[in-house]
Amino acid sequence: MSVVQAPTNTPDSFRNKVSSIGEEGARNWLYPKKPSGKFYKARTIVSWLLFVFLFGAPFIKVDGHPFMLFNIIERKFVFFGLVFFPQDFYLVVLGILTALISIFLFTAVFGRIWCGWLCPQTIFLEMLFRKIEYLFEGDGRQQRQYNEAPMTPGKAIKKVLKQAIFFVLSFFIANMFLSYIIGIDELKKIVTDPPSQHLVGLFAILVFSFLFYGVFAWFREQACIIVCPYGRYQSALVDVNTIAVSYDFKRGEPRGKLVKIDPKRIATEAVPARGDCVDCKQCVEVCPTGIDIRNGIQLECVNCTACIDACNSVMDKIKKPRGLIRYTSLTTIKDGKSHWLSPRILGYTGVWLLITCLFLFFFIRRPMTEVLILRQPGSLAQKQANGEILNFYLLQVANKQAHDVPVELKLISPQKGQITMVGEFSPVPRITEKTGRFFLAMPKEETSGGDMNVKFGIYSQGKLLKEIETKFLTTTLN
Ligand code: SF4
Ligand code: SF4
């Protein structure tokens, strides 16, 4: 069987390869040059604000509960101090839908701004791990030379030290990640109690530490290029009107090395026209995903703006206006006009407004105390010595408020009947879902018609929280 090789020397050949994978399929390690410039400075400030938020939020408490919590184990969720229980799942679905459509809308207008400026993968890799690497091994080219040089004891020590720092950082990130799931108080217990008491927790910390270490020390840009589903979606979301990091080919082409031309030559002979791109490849050298933005918008581009900074500094040196690479759209480059308000954007905006209003409507109206009464699964009706019929029920109250809620259970219909709680139930502690059990005893004359409906009322300080109707069985007697 013959193997057809993808062409490698056509203008479109960049489409046939992934920069981080070599011709033979092995990893092609990238050594991006350290960016510098006003975008990099701005991204550094944004990143540090995000670090403060990500590492600080687990320590913030609102009315005694965490500011952010995604406890899937105990099914308790707190977003910006607002508590959600599984009963609020419809809100979570609406919230996820709102977030997805926001991403669609935002990406359609502004491209992958999220990836370059806010995504934890990018900010941890570029602003933490990569900076440590620059500190230990120098800029991109120096790193390549250093790696290709023979191993010496000094180099081995440096490499081990760098990897050790990477692992410690990954360990901190794993702890932070876990504190969002189990809460900072539980995490403190895992850290301070004897290890034997928290073997599962310690195992989880170790697994996440190795996972983050693997991603940031080794897998790196491949997470964005190969794994991230948002990167794949991008091709369906962006169009010619999307404002993204773009190369102004009208101004830059035909590209060519900077050459000094004798003014006399210009006057006497036809000198080939030259664009502003001097083909210095600085924009490629700084790219953390190893692409050439001059080929147009590509899936690998995370809109990190490093190539804008690199090209601007080249333009400064050759005394040309900045912005050969800039945030702009293909139509703006071609026509000089922006057409970002397209029917597609208007459609996304309409759907986004609708879903957001629905989400806000249900969010504002959501009950702060949820009640559920069910017949105890598997239980049968029982006959007492005095002839009364007993049914066994399960009562569940979710209190989403920051204070304890006293509750009282009453029988609304029929009026004759006696409720007996099993153990103490009230009050329901703050931000807790409490489950209790109770018996309902019904006089024989009330049950003569067979199985019947009963209605309970759950009150708090005299105020009716909810009425619940359920079945009272009489026929399945022991
Ligand atoms: S940095 Fe600017 S001038 Fe240099 S190759 Fe890239 S686009 Fe051309
Ligand atoms: S092309 Fe530019 S913006 Fe895109 S990833 Fe590379 S350096 Fe960042």
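This is a predicted model: local features need pLDDT of at least 70, side-chain atom pairs count only at pLDDT 80 or more; totals for chains, interfaces and linings use all residues.

Next I asked how many residues of domain 1 are in contact with domain 2. I got 26 residues of domain 1 against 22 residues of domain 2. On the domain 1 side, I noted that H1 (38-56), H2 (89-110), H3 (113-117), H4 (120-137), H9 (222-227) and H10 (229-237) each supply at least two residues. H1 gives the most to that side, with four residues. Sorted by class, I have 12 nonpolar, eight polar and six charged residues on the side of domain 1 that touches domain 2.

**Entry 1: H1 and H14.** I followed H1 to H14 (306-317) and found that the axes of H1 and H14 come within 7 Å, crossing at roughly 145°. For the contact itself I wrote down Lys38, Phe39 and Tyr40 from H1, which meet Ala306, Ile308 and Asp309 from H14. I count this contact of H1 with H14 as four nonpolar, no polar and two charged residues.

**Entry 2: the shell around ligand 1.** H14 turned up again here. Which residues come nearest to ligand 1? I listed Cys277, Cys280, Gln282, Cys283 and Cys311, out of 15 residues around the ligand. Helix H13 (282-285) and H14 are the elements that give two or more residues to this shell. H14 has the largest share, three residues. By class, I get 10 nonpolar, two polar and three charged residues around ligand 1.

**Entry 3: H2 against H16.** H2 was already on my list from the domain 1 side that touches domain 2. I checked its pairing with H16 (residues 343-365) and found that the two axes come within 9 Å and cross at roughly 155°. H2 and H16 are therefore roughly antiparallel to each other. I also noted that the crossing of H2 past H16 is left-handed.

I went through the residues in this contact. On H2 I marked, among them, Tyr90, Leu91, Leu94, Leu97, Ile101, Phe104 and Leu105. On H16 the contact residues include Arg344, Tyr348, Trp352, Ile355, Phe359, Phe362 and Phe363. Sorted by class, the contact of H2 with H16 has 18 nonpolar, five polar and one charged residues.

**Entry 4: H6 against H7.** How do the axes of H6 (residues 153-182) and H7 (residues 184-192) cross? I found that they come within 7 Å and cross at roughly 125°. That makes H6 oblique to H7. In my list, Asn175, Leu178, Ser179 and Ile182 of H6 meet Ile184, Glu186 and Leu187 of H7. I sorted these into four nonpolar, two polar and one charged residues.

- I flagged the peptide bond from Glu253 to Pro254 as cis, with omega near -5°. I placed Pro254 in the loop between H11 (249-252) and H12 (263-268).
- I flagged a cis peptide bond between Ser426 and Pro427 too, with omega about 0°. Pro427 is in the loop between strand S12 (418-422) and strand S13 (432-442).
- I flagged Phe80 for its positive phi, near 50°, in a residue other than glycine. Phe80 is in the loop between strand S4 (76-79) and strand S5 (82-84).

Note on methods. Residues are numbered from 1 along each chain as its sequence is written. Chains are lettered from A and ligands numbered from 1 in the order in which they are written. Two residues are in contact if their C-beta atoms, placed from the backbone, lie within 7 Å. Ala, Val, Leu, Ile, Met, Phe, Trp, Tyr, Cys and Pro count as nonpolar, Asp, Glu, Lys and Arg as charged, and the others, Gly among them, as polar. Axes are lines fitted to C-alpha atoms, for helices over the stretch in contact, and angles run from 0 to 180 degrees between N-to-C directions. Angles under 35 degrees count as roughly parallel, over 145 as roughly antiparallel, 65 to 115 as roughly perpendicular and the rest as oblique. A crossing is left-handed if the near helix is turned anticlockwise from the far one by less than a right angle, and right-handed if clockwise. A residue is near a molecule or strand if its C-beta atom, placed from the backbone, lies within 6 Å of it.
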